[in-house]
There are 2 protein chains.
Amino acid sequence: MKYPNNIQKNYQNPLSYKNRGMDLEEELNLSNEYYIEMDKAYIYKKPTPIGIADVSYHTHGKVIEKAYFKEQSTLDYNGLYRGKYIEYEAKVTKNKTSFPLQNIHEHQIKHIRNILKHQGIVFLIIKINEMVYLLKGDDFINYIDTTKKKSIPYQFIQENGHLIKYGFNPPLDYLKIVDKLYFKEEIQWQT
Amino acid sequence: MKYPNNIQKNYQNPLSYKNRGMDLEEELNLSNEYYIEMDKAYIYKKPTPIGIADVSYHTHGKVIEKAYFKEQSTLDYNGLYRGKYIEYEAKVTKNKTSFPLQNIHEHQIKHIRNILKHQGIVFLIIKINEMVYLLKGDDFINYIDTTKKKSIPYQFIQENGHLIKYGFNPPLDYLKIVDKLYFKEEIQWQT
């Protein structure tokens, strides 16, 4: 053996983000940082809203002594791309056969309808079976309005969603899909 | 005297938000709620980002036991109006003769430049001398780029900003100004 056992065990391909145990949020944050650096898009994850229960005051500033996480009534990410308003929610499911709809709250569904109505670009990014799909807001709403099911079958996501391929930097170049779907451009993935 | 002294003292005109001691943030939040209710615009204040130092786990969920306020690198409010991306910062100054530029951080100024470049609608809402003005992002950047002063004189704001008149509901109908400046519509204030 060339390496001691513990080093070999930890060896991971630096080019494959998929295998580095990075979560979807990290992958999207890194992608958005890349877009900002490239002056391509200004999309940010909104801070999780909190309810503050107790604060103390110090010479260096206020410190939160107790707080609770609150639910977001909009989607997690929003910003500006090519002059357009863009907003999306990112969700991971460990479920292999379907995406449970309880992942998206009722007020978020209402919000998606409103954004669609007001000509914003809105979609879901769903990670299922280690694959990442972009599902357009209108396809999502159509599904909800025409079925009574409590989840979206994986097959529906494969057929109606759009696969976002993993890359090095950005790890998830989802704006390529946005270019194709909303700006009618051809996709070329880097290989 | 018709009323006991303590009641008379607390009497306030319910029609005048200006005099109710409501702060600018509240006035804008109420205005944005009104716009959402009227299905006119979807603009929200971003939660203040926090850095979490300690968390405890309970049967009802996670509780933040210690956290710190972090600086926003974007502006406070953003959203969607008439198919366009809109973003702004709201600031109050007690200074009567000028608006100190230290109110807007360096990375926020950079962000304003980026939003302008990418065709977003971006501006400041400044409350000074109990008057509220909308100052377009490009006028603000022009001022910064052509002067070395550490503040914007009140006279500059009066001449280049756009007065947002107080009303009942919404308390600050700033989208009227946006309609005029960005969609070339005539202003009609309700009286």
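Trainee: Which residue stands opposite B:Lys45 in E4(B)?

Mentor: The residue opposite B:Lys45 in E4(B) is B:Tyr77. Please keep in mind that this is a predicted model, in which local features need pLDDT of at least 70 and side-chain atom pairs count only at pLDDT 80 or more, whereas totals for chains, interfaces and linings use all residues. Residues are numbered from 1 along each chain as its sequence is written, chains are lettered from A and ligands numbered from 1 in the order in which they are written, and side-chain values use heavy atoms, with hydrogens and water left out.

Trainee: How many bridges join E1(B) to strand E4 of chain B?

Mentor: In general, strands of a sheet pair through backbone hydrogen bonds, either parallel or antiparallel. Strands here are DSSP runs of E with at least two residues, helices are runs of H or I with at least four, and both are numbered from the N terminus. Two strands pair if DSSP finds at least two bridges between them. E1(B) and strand E4 (residues 77–81) of chain B run antiparallel and are joined by 5 bridges.

Trainee: Which strands of chain B stand at the edges of the sheet?

Mentor: The open sheet of chain B has 6 strands in the order E1-E4-E5-E7-E8-E10, with mixed pairing. Strand E1 (41–45) and strand E10 (162–163) of chain B are at its edges; each has a single partner strand, so one side of each lacks a neighbour in the sheet. Chain A likewise has an open sheet of 6 strands in the order E1-E4-E5-E7-E8-E10, again mixed. Within chain A, E4(A) and E5(A) run antiparallel with 5 bridges, and A:Gly79 stands opposite A:Ile86 in E5(A).

Trainee: What do E2(A) and E3(A) form?

Mentor: E2(A) and E3(A) form a hairpin with 2 residues between them. These antiparallel strands are joined by 8 bridges, and A:Asp54 has A:Lys66 in E3(A) as its bridge partner.

Trainee: To which strand of chain B do 4 bridges join E3(A)?

Mentor: The partner is strand E3 (residues 61–69) of chain B, which runs antiparallel to E3(A). Among the pairs, A:Val63 has B:Tyr68 as its bridge partner, and A:Ile64 has B:Ala67.

Trainee: What is the area buried between chain A and chain B?

Mentor: The size of an interface is often given as the accessible area lost when the parts come together. Buried area is that loss for two parts (1.4 Å probe), summed over both. Between chain A and chain B the figure is about 3,000 Å², of which carbon and sulfur atoms give 62%. The contact (heavy atoms within 4.5 Å) takes 33 residues from chain A and 33 residues from chain B.

Trainee: How many salt bridges does the rule find across the interface?

Mentor: A salt bridge is a side-chain nitrogen of Lys or Arg within 4 Å of a carboxyl oxygen of Asp or Glu. The rule finds 4 across the interface of chain A and chain B. In one of them, B:Glu65 pairs with A:Lys66, with the closest N and O atoms 3.0 Å apart. E3(A) gives the most to the side of chain A that touches chain B, with 8 residues.

Trainee: What rotation superposes chain A on chain B?

Mentor: Copies are superposed by least squares on the C-alpha atoms of residues with pLDDT of at least 70 in both. A rotation of 180° with 0.1 Å of shift along its axis superposes chain A on chain B, with RMSD 0.1 Å. That is the relation of a two-fold axis. In chain A, the C-alpha nearest the axis belongs to A:Tyr85, 2.3 Å from it. The same surface serves both copies, since 100% of the contact residues of chain A recur in chain B.
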